[in-house]
Amino acid sequence: GPLRWTTVSGSAKPAKNSTYGLAATKFGKHPNDSPIDPASLSVQAPNVLKVHLPDKLVSGAEFVTTGVLHQATGKNGTVQLQVATSLSDVSSVSSGTPILVGDDEHTNQSTEAAVAEFRNLFPPALCYSKIVPVDEVVTLTLYHREDNHLQRLMLNEQQSSELDRLWDELFFVAQEPIALTVAFEQISEFATQDRPDLVTAFTPMKKPINDRADLFRKRLVATEPIHLDAVLEIANEAWRRPLIEAEQQELRNLYQQLRKNELAHDAAIRLVLARVFTSPSFLYKLEQPATGEKSAPVDELELATRLSYFLWSSQPDGELRQLAESGQLIEPAMLQKQTDRMLDDPRTRRMAIQFACQWLHLRDFDQNDDKNEKLYPEFAVLRGEMYEETVRFFEEMFRNDGSILDILNADHTYLNPALAKHYGIEGVEADWQRVEGMQQQGRGGVLGMATFLASQSGASRTSPILRGNWIYETMLGERLPRPPANVPILPEALPDGLTARQLIELHSSAPGCAKCHVKIDHYGFVLEQFDAIGRRRPQTVDTNSKLPNGDSIEGLNGLRDYLLNVRRDDFVRQFCRKLLGYALGREVQLSDEILLSEMQQKLEANDYRFSIAVEAIVQSRQFQNIRPSSGVIAHD
């Protein structure tokens, strides 16, 4: 039942033989130090009193309390009282809690007036969870605007204009004035079918609603030419050049023909847009070939397109196009300035995906579904995180002008808690943070990333062959001869008693297979410390391998040192070849060898910074010129 207390001289004491009580400083005194009923607590709002009641005291009991305003000092005040079991349940003001007011008539009236004023400022939607009655036969829900008090009290003129514009767009797109006429007709017929006396209530509303719809229909007709003009502007952007008069007229004629065939305006506009986006001018980077037998500079709009698709995998933005149209982009200093601006833009992420991940055969890794779900159930959950790590790694390198050697030698990466746990790395709590010291964790660079390790593995086991071939061909640019016919297929599941390495060594001992495997297997064997989804194996694994020249390497660290110190030139050459081919949108040819050598020399002289390679390409004759249509070039 209710708790009972014995009080002495304004202090609270528990009943005899009880071990419970309240702090005497919070009991029996008014905040102004005047005496009050010694059985009461007195506080000045806002305030919270915490009372600790042991379970065995209150179990099965009801907690009862009474709150009143102090007769002398609280008669003109108002207060809300709350009793809660935790502080998180206490709110400063609650719309569902009564307001306690004194007996003073003036206070009562002023409080009711203030509450009424507050309530009238807001539409009923804020006061009631459901203002549209849901009927089994007919329920009509339309847009309703009631924000005049919001504008009057909280918005300036510019903000009010913006709000008006947004409402106008909503009504226009939804064709609300026309929809309202249909809704009004339905609801009026439904409401009056059993109540003919309600017809007089609906009649005065009909004309204003229909008049508003008629005005809107006239507006629709007036905006049709504007929509067509907007399509032409879209074509101008999508085709990455100004439309000639004949092209503009062709699109206008298509629209007119569609309308003559009794197609509605919206449908006709959609078909004209389809024509724009299926045009070769949008789908291809069309360029005018040089006349004669010599290459010639591309025009500046074509140069802007080349630069934009190289760095952003998209069409030029407004600034780049404006410089091209004004004839300023071709100036070397301006071209370099725009290159620097674009590299520092978040859109460089597209280059990380379209170039880096495509070159390394990792693009769309987040959709990889070739793993045995029974053996690796976590892979489907983590593959998106694995891919994001690689994309963020390259995006950071491109935007911050990192060294291309970081692809092999980086001591950092980007992790979120889930991927860090997969790697066995502690202390990663924030979502996608840069993590240093990866080489101490047995990783570092792309070779330690799960995207590479998992993509170059089988469904149920690792594949030293795939990993070794990836390093040999993708990273170093070497080429293996075609495998001989009737090469035996290795089993997906390891035979009893054999490791993946032992299985490969047995396979590679065949004379017809040895000539290829001797070039690649050692690269894969040193990475056997990682399983098929990129985790470090807990058990000891043989990661020592002998190179064709007789030297030995061991584990990821040994492979990294070998690639950086012995095969660095081969790796850098392969990077330059892949980047140049991506930038030019064609296969690298013999005539590009001089440029590749220049890129390699400049990189070596400038700490292998990524921007050096980009600058060498953008300022090159290959990037700024186009071959003649004959394909034959007469050299001076």
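This is a predicted model: local features need pLDDT of at least 70, side-chain atom pairs count only at pLDDT 80 or more; totals for chains, interfaces and linings use all residues.
**Exercise 1. Is glutamine 175 buried, partly exposed or exposed, and what is its relative accessible area?**

Residues are numbered from 1 along each chain as its sequence is written, and side-chain values use heavy atoms, with hydrogens and water left out.

*Solution.* 
- Step 1: get the cut-offs. Buried is under 20% relative accessible area, exposed is over 50%, and partly exposed is in between (1.4 Å probe, protein chains only).
- Step 2: apply them. Glutamine 175 has a relative accessible area of 29%, so partly exposed is the answer.
- Step 3: Glutamine 175 sits in the loop between helix H4 (157-174) and H5; helices (H or I, at least four residues) and strands (E, at least two) are DSSP runs, numbered from the N terminus.
- Step 4: check the backbone. Although glutamine 175 is not a glycine, its phi is positive, about 50°.

**Exercise 2. Now go into H5 and work out the setting of threonine 181.**

*Solution.* 
- Step 1: threonine 181 lies in helix H5 (residues 176-192).
- Step 2: with 13% relative accessibility, threonine 181 counts as buried.
- Step 3: list what threonine 181 touches. Leaving out residues up to four places away in sequence, that's Ile209, Asn210, Ala213 and Arg217, where contact means heavy atoms within 4.5 Å.

**Exercise 3. Describe how H13 packs on H22.**

*Solution.* 
- Step 1: Two packed helices are described by the angle between their axes and the distance between the axes.
- Step 2: read them off. Helix H13 (residues 349-359) and helix H22 (residues 568-584) pack at about 130°, axes 11 Å apart. Axes are lines fitted to C-alpha atoms, for helices over the stretch in contact, and angles run from 0 to 180 degrees between N-to-C directions.
- Step 3: classify. Angles under 35 degrees count as roughly parallel, over 145 as roughly antiparallel, 65 to 115 as roughly perpendicular and the rest as oblique. H13 and H22 are therefore oblique to each other.
- Step 4: find the residues. H13 brings Met351, Gln354, Phe355 and Trp359, and H22 brings Phe571, Gln574, Phe575, Lys578, Leu579 and Tyr582.
- Step 5: sort the contact residues of H13 with H22: 7 nonpolar, 2 polar and 1 charged. Here Ala, Val, Leu, Ile, Met, Phe, Trp, Tyr, Cys and Pro count as nonpolar, Asp, Glu, Lys and Arg as charged, and the others, Gly among them, as polar.
- Step 6: look at burial. The buried residues of H13 are Met351, Ala352, Phe355, Ala356, Cys357 and Trp359, and their cover includes H10, helix H18 (464-475) and H22.
- Step 7: carry on past the end. Just after H13, histidine 361 has a positive phi of about 60°.

**Exercise 4. Which strand pairs with E6, and in which sense?**

*Solution.* 
- Step 1: strand E7 (residues 433-436) pairs with E6 in the antiparallel sense over 4 bridges; pairing needs at least two DSSP bridges between the strands.
- Step 2: tyrosine 414 has arginine 434 of E7 as its bridge partner.
- Step 3: on strand E6 (residues 412-415), His412 and Tyr414 point one way, Thr413 and Leu415 the other, and all are buried.
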